[in-house]
Amino acid sequence: MRKKLIGAAVLGISMLSIAATEDIRATVHNLSTYSDPANGGTNEVCVFCHTPHGSNSDFTGAPLWNKPIDPNITFQVYGGGMTTGGTTVDQPGDVSRACLSCHDGVSGVNVIINKPGSGGWDPNGQIIDYRGSGTTSLWRMPWPFAIGKNGSGGNYDLRDDHPIGVVYRGDDTSPPASLKPTNTPLPAGWNIAGDKDGNPGPTIGDLLRNGKIECVSCHNPHLNAPRFLRSGDGNTNSNLCRTCHDK
């Protein structure tokens, strides 16, 4: 019995060890790494996305958002608005639009509402230094990191990306795309943002936002993990894909 308990403890430790941790400072999302305070930049890590005061109060997709966002922008979506399984693909939800406010390839990564310090507030946004831009030049995310652009240079184009803003239909009688039920437990080590569906334990339902797949279903922008994937393993052996798709 003692051996079994020891074995279980060791297994528990090993399972915990594969879980990625949230530490944005050690990731490429620490944009302050590429910003020079002497050139109108900042050494603050969070300010490129969040501000404790003077945030974008009209935007609810992320807390204390420090970037101007045009909610009326229309994206071209996967499948022209319909998946091969017959599911409607809507416009990205607000939580995905937060990601796209840098990753659309059009918006300035270095545009924020409230600059660090006092007196630097503009609801329309203002430029801070990023990668040598100074305070006069927009720095836009290049393709392929700008998922809102396609390889041909089109803008606001999500047609070549996994659909977001799409209802997850794993609980249908005949689920499309071999989707698993929402109460399916997630593998050990996954990073989630709290219990979203009320089912015991981390489940697929915890990855959804209002029942839909969004950017944050697969990615956590603060996670110190390959490609910010919640699986923590960089999709080794397609583990992330096969978590939802029973392939």
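Colleague: In which loop does threonine 184 lie?

Modeller: This is a predicted model, where local features need pLDDT of at least 70, side-chain atom pairs count only at pLDDT 80 or more, and totals for chains, interfaces and linings use all residues. Residues are numbered from 1 along each chain as its sequence is written, and side-chain values use heavy atoms, with hydrogens and water left out. Helices (H or I, at least four residues) and strands (E, at least two) are DSSP runs, numbered from the N terminus. Threonine 184 lies in the loop between β3 (166–167) and β4 (212–213).

Colleague: What pLDDT does the chain average?

Modeller: pLDDT is the predictor's confidence in each residue, from 0 to 100. Of the residues, 92% score at least 70. Residues 1–17 fall below 50. The chain average is 90.

Colleague: Is threonine 184 buried or exposed?

Modeller: The scale is relative accessible area: buried is under 20%, exposed is over 50%, partly exposed is in between (1.4 Å probe, protein chains only). Threonine 184 has 16% relative accessibility, so it counts as buried.

Colleague: Which residues does threonine 184 contact, leaving aside neighbours within four places in sequence?

Modeller: Contact means heavy atoms within 4.5 Å. Threonine 184 and proline 202 are 18 residues apart in sequence, but their C-alpha atoms are 8.5 Å apart. The contacts of threonine 184 are Pro202, Thr203 and Ile204.

Colleague: How many residues form the largest nonpolar core?

Modeller: A nonpolar core is a set of buried Ala, Val, Leu, Ile, Met, Phe, Trp, Tyr and Cys residues joined through side-chain atoms within 4.5 Å. Tyr168, Leu186, Trp190, Ile204 and Ile213 touch the most other members of the largest one. Apart from it lies another core of 10 residues, among them Phe48 and Tyr130. The count for the largest core is 14.

Colleague: Which element do the buried residues of α2 pack against?

Modeller: Helix α2 covers residues 94–103. Its buried residues are Ser96, Arg97, Ala98, Leu100, Ser101 and Cys102. They pack against α3 (215–218).

Colleague: How many cavities of 30 Å³ or more does the structure hold?

Modeller: The largest cavity has about 40 Å³ of space. Its lining includes Val77, Tyr78, His162 and Ile164. The number of such cavities is one.

Colleague: Which residue does a cis peptide bond join to tryptophan 143?

Modeller: Most peptide bonds are trans. Here omega is about 10 degrees.

Colleague: What is the phi of arginine 227?

Modeller: Most residues other than glycine have a negative phi. Arginine 227 is in the loop between α3 and α4 (239–244). At 55% relative accessibility, arginine 227 counts as exposed. Its phi is positive, about 55 degrees.

Conventions: 1 Å grid on protein atoms, 1.4 Å probe; cavity = no way out; pocket = protein on both sides within 12 Å on 5 of 7 lines; lining within 4 Å. Points joined across faces, edges and corners; volume = space filled by probe spheres on them.
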